[in-house]
Amino acid sequence: MFDIPTLETARLRLTALTEQHFNDYAAMLADPDSTRWIGDGQPLDRTNAWRSLAMLLGHWQLRGFGMWALELKSSGEFIGRAGLMYPDGWPDLELGWMLKPEHRHRGYATEAGNAVLEFAWKQLHAPRVISLVRIGNEASDRVAERLGGEHIEDMDFYGSHSHVFAYYPPHREHRRAYG
């Protein structure tokens, strides 16, 4: 099994998703408000939530990076997920996040995103990271902007019109073209 590093911020612990997170994870993915901006926009039943969790863990094994569970340091409570994805067919290395509804609008996505970007720059030496944000998801547009994302284009991604935000390492010059 790949050793998933733990990251800490002022308020959060980014840790490996485990079976202990599953009930909260499945509940988050069963909530239509949580899933409306990801995948096909539909909530997931427990079977498909399990598949999602297994896919996220497999991504770590295959790519050496992936999504973390977000826990509050003060209580250990699971509040969402954040991390990096680059499955086959993706346009670039993507930073993504999802929070349980009761934990939105508190700065947790931005806090986690900053830690994930630091990991991408320092551990992966990534030349660029993107976020794909469905058009209309204004809250995630604002998170991407707070993280320093530059809106570089719009694209149709698996049937959804999305903004593409690009992030660049602080120690490298910005390049609009990747590669």
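Trainee: In which strand is M85 found?

Mentor: M85 is found in β4. Strands here are DSSP runs of E, at least two residues long, and helices are runs of H or I, at least four, both numbered from the N terminus. The model is predicted, so local features need pLDDT of at least 70 and side-chain atom pairs pLDDT 80 or more, while totals for chains, interfaces and linings use all residues. Residues are numbered from 1 along each chain as its sequence is written, and side-chain values use heavy atoms, without hydrogens or water.

Trainee: Why does M85 count as buried?

Mentor: Buried means under 20% relative accessible area, exposed over 50%, and partly exposed in between, with a 1.4 Å probe and protein chains only. M85 has 8% relative accessibility, so M85 counts as buried.

Trainee: What is M85 in contact with, leaving aside neighbours within four places in sequence?

Mentor: Contact means heavy atoms within 4.5 Å. The partners of M85 are M55, L56, H59, F65, M67, W90, D92, L93 and E94.

Trainee: Which core includes M85?

Mentor: First, the term. A nonpolar core is a set of buried Ala, Val, Leu, Ile, Met, Phe, Trp, Tyr and Cys residues joined through side-chain atoms within 4.5 Å. The largest one has 34 residues, and L14, W68, L84, L95, W97, V129 and Y167 touch the most other members. Helix α4 gives the most to this core, with nine residues. A second, separate core of 14 residues includes M85, together with L17, Y25 and L29.

Trainee: What makes the buried residues of α1 line one face of the helix?

Mentor: The buried residues of α1 (residues 22-30) are F22, Y25, A26, M28 and L29. Seen down the axis, they fall within an arc of 160 degrees, so they line one face. The arc is that of the directions from the helix axis to the C-beta atoms. These residues pack against α2 (32-35), α3 (46-63), β4 and β5.

Trainee: What makes the link between the side chains of S34 and D31 a polar contact?

Mentor: A polar contact is a pair of N or O atoms within 3.5 Å; within protein, one must be able to donate a hydrogen and the other to accept it, and residues adjacent in sequence count only if both atoms are side-chain atoms. The S34 and D31 side chains are at 2.9 Å, so the pair qualifies.
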